[in-house]
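Dear colleague,

I am passing on the structure below, together with its sequence, and would be glad if you read the notes that follow with the model open beside them.

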Amino acid sequence: MKDQILDILSDIVDDDVESCTTLIDDGVLSSLDIIQLIGALNDEFDISIPATEIIPQNFNSVDALAAMVERLADECELSILERDPSGDDFPDPACEYVIPE
């Protein structure tokens with residue numbers, strides 16, 4: 001996973017970032033770089049990085065990025081599909097639970 005993240009980062013910044021622990025603090029990653037990085041991580045690892053995870057601690061190093069990606073990849077979203085929804089009602093006992101693969 002770290003190699004994939006390093007490949008993504010090498011496409012975004014020219015600096016050697018493998019051992020850097022201050023990507024945000026030292027301005028190695030600009031705000032536009034972070035947006036590009038988020039999109040690339042979402043696509044590469046099939047995750048969705050919520051706004052609450054966009055904090056310097058998660059983006060300051062490759063290790064921090066890998067930990068965040070791993071944590072988000074392990075989360076499972078549960079969707080409820082009601083067979084006959086009507087109006088603003090809540091799901092009834094005859095509903096299906098869909099767990100993404």
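Helices here are DSSP runs of H or I with at least four residues, strands are runs of E with at least two, and both are numbered from the N terminus. The model is a predicted one, in which local features need pLDDT of at least 70 and side-chain atom pairs count only at pLDDT 80 or more, while totals for chains, interfaces and linings use all residues. Residues are numbered from 1 along each chain as its sequence is written, and side-chain values use heavy atoms, with hydrogens and water left out.

I begin with the loop between helix H3 (56-59) and H4, where Asn60 lies. Asn60 is buried, at a relative accessible area of 10%, where buried means under 20% relative accessible area, exposed over 50% and partly exposed in between, with a 1.4 Å probe and protein chains only. Leaving aside neighbours within four places in sequence, Asn60 is in contact (heavy atoms within 4.5 Å) with Cys20, Thr21, Thr22, Leu23, Ile24 and Asp25.

Leu65, which lies in helix H4, counts as buried at 0% relative accessibility. Not counting residues up to four places away in sequence, Leu65 touches Ile5, Leu9, Leu37, Leu41, Asn58 and Phe59; the C-alpha atoms of Leu65 and Leu41, 24 residues apart along the chain, are separated by 9.2 Å.

In H1, the buried residues are Ile5, Leu6, Ile8, Leu9 and Ile12. Seen down the axis of H1, these buried residues fall within an arc of 160°, so they line one face of the helix, the arc being that of the directions from the helix axis to the C-beta atoms. The face of H1 turned away from its buried side carries the exposed residues Asp3, Asp7 and Asp11, whereas the buried residues of H1 pack against H2 and H4. Ile5, again leaving aside neighbours within four places in sequence, is in contact with Leu41, Phe45, Val62, Leu65, Ala66 and Val69.
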